Amino acid sequence: MIGREKVLRVLEQALAALERAGAETGHVRFQGGSSSLTRFANNYIHQNVAENDTGLLLTAVIGRRLGAASTNRVDRAGMGRAAEQAAAIAGRAVEDPEFPGLAEPGEAPAVAEIPGACDRETAALSPTARADLVAIATRYAASRDAVASGKIASGALELAVANSLGVRQYASASIFSAACTAMIEGAAGSEEWSAGRIEARLGEFGHEAVDTALDARKPRKEESGEWTVILAPRAVSTLIGYLAYLGFDSLAHLENRSFLAGRMGTKVASEEVTIVDDGLSPEAIPLPFDFDGVPRRRLILIESGVARELPHSLRTAKKADAKPTGHSFGPQAAGVIPLHVVMQPGEATLSQMVASTERGLLVNRFWYSNVADPARAVITGMTRDGLFLVEKGAVVGPVRNMRFTESIMNAFSSVEMIGSELQSVGNEWSLGLTRVPAMKISSFRFTGVTEF
């Protein structure tokens, strides 16, 4: 961690370098921090690494022509060379007729850091502390003749943005993630979550993965088709992630590529479903401004089943005659998607969902998921690390993994119950967290059965 004052001095020097290189205006993004990782497999630690890095992205603007260059050198020579490269690229680039200009200070007033976003204990977690956490999982696995593999990762990040019009923004946050997969007799179970700080649940790290693997041995075959499903939070996070990507890219709406294009303000899901994007919440990994430097705003994406708001960058806001919401990926970036998606909790527990089910499947997570039909938000993938049959309100045994092919919105239109607890899962594409509950869906389509 370099700290606010030093980072802002670096940005001032980079902007001066862009001016010397011939840029009419300039934009600089700083991203840096520390990361530490401990990996384990077969109940033993096999890798322990740590990294500190800083990076600058310098963007030169000449009229409506843009050029960018990056460097991880923050000395005068390194910044000067990157600035010259950015200006040279801008000088040869074609004009960008849709460039809205850089953010003005009035559009991007300075934002305060979010209290508690950077937890010092998490940011400075030692190799010994990570090893102690790994030991909780591996000893539990060994005591039950299972093998555990996974990782503990921690660190901190700094993000800052400045431009020659006067915008100055800085934020820092701590990051933590833990994952464990346990295997025994060909069966597997897993657990994984991310957070801005170390969580109390680590006292039983790996136990859920091991217990699931033990329960998943000798699965029976069940037929594919329409099933009632109870999705654990990680399975829900897959659907939510693709929903954000396929449905709430504002550029895709403007170009009529989103499956929700033309449907804003209409009912698109069950009344049980409310989804927001909240990059200001200290419970996630907050990012109070975007890569243009515009303050981020909390958005209601879906409210009681009705599609409500879209994220906007300066670029898409100009095209849509709207206001930017602080969701840009930078002056040259086109698309805009939410990064801090939260599905609002309901009132049900997982056990209540199971008890209310006459016959269905309990899904721990999905994997190998891909888009099958973007126009209808259809995705396909596999179950993994625990699929169980539910009959007459009780979990009765493991089931062979299945392939699903389903429309996200068809699934969300069939939601019966929402879990009362949220779990944080790392964002699949970028910074931020997805926070989701468990969910019961009355109809979910499986199209094939595996041999395991």
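Reader: Is P288 buried or exposed, and why?

Author: Start with the cut-offs. Buried means under 20% relative accessible area, exposed means over 50%, and partly exposed lies in between (1.4 Å probe, protein chains only). P288 has 6% relative accessibility, so it counts as buried. This is a predicted model: local features need pLDDT of at least 70, side-chain atom pairs count only at pLDDT 80 or more, and totals for chains, interfaces and linings use all residues. Residues are numbered from 1 along each chain as its sequence is written, and side-chain values use heavy atoms, with hydrogens and water left out.

Reader: Where is the place of P288?

Author: Elements come from DSSP runs, numbered from the N terminus: helices are H or I with at least four residues, strands are E with at least two. P288 is in the loop between strand 8 (275-277) and strand 9 (299-303). Now look across the chain. P288 and A112 are 176 residues apart along the chain, yet their C-alpha atoms are separated by 8.1 Å.

Reader: How does the span of helix 6 agree with its 15 residues?

Author: The expected span of a helix is 1.5 Å times one less than its number of residues. Helix 6 (residues 233-247) has 15 residues, so it should span 21 Å; its end C-alpha atoms are 20 Å apart, which agrees.

Reader: Which residues gather in a patch of negative charge?

Author: Rules first. A patch takes residues with over 30% relative accessible area and no salt bridge; like charges are joined within 9 Å, and nonpolar side chains (Val, Leu, Ile, Met, Phe, Trp, Tyr) within 5 Å. Lys and Arg count as positive, Asp and Glu as negative; His and the chain ends are not counted. Here the patch on the surface is made of E204, E208, D211 and D215. D211 lies in helix 5 (residues 207-215). It counts as partly exposed because its relative accessibility is 32%.

Reader: How many salt bridges does the structure hold?

Author: Side chains of opposite charge can pair when their charged atoms come close. The test for a salt bridge is a side-chain nitrogen of Lys or Arg within 4 Å of a carboxyl oxygen of Asp or Glu. The structure holds 22 of them. One of these joins R197 and D119, with the closest N and O atoms 3.3 Å apart. That pair links distant parts of the chain, 78 residues apart: R197 in the loop between strand 6 (187-195) and helix 5, D119 in the loop between helix 2 (76-92) and helix 3 (120-123). R197 is partly exposed at 37% relative accessibility, whereas D119 is buried at 15%.

Reader: With which residue does D385 form a salt bridge?

Author: With R365; the closest N and O atoms are 3.0 Å apart. This pair also links distant parts of the chain: D385 in strand 13 and R365 in strand 12 (residues 359-373), 20 residues apart. D385 is buried at 6% relative accessibility. R365 is buried too, with a relative accessible area of 18%. Check the backbone of D385 as well. Its phi is positive, about 60 degrees, although it is not a glycine.

Reader: What is the phi of N42 near?

Author: Near 55 degrees, a positive value in a residue other than glycine. N42 is found in the loop between strand 1 (25-41) and strand 2 (44-62). N42 is exposed, because its relative accessible area is 52%.

Reader: Which residues are linked in a network of salt bridges?

Author: R220, E222, R359 and E391.

Conventions
Accessible areas come from the Shrake-Rupley method with a 1.4 Å probe; for residues, only the protein chains shown count as cover. The place of a charge is taken as NZ of Lys, CZ of Arg, CG of Asp or CD of Glu.
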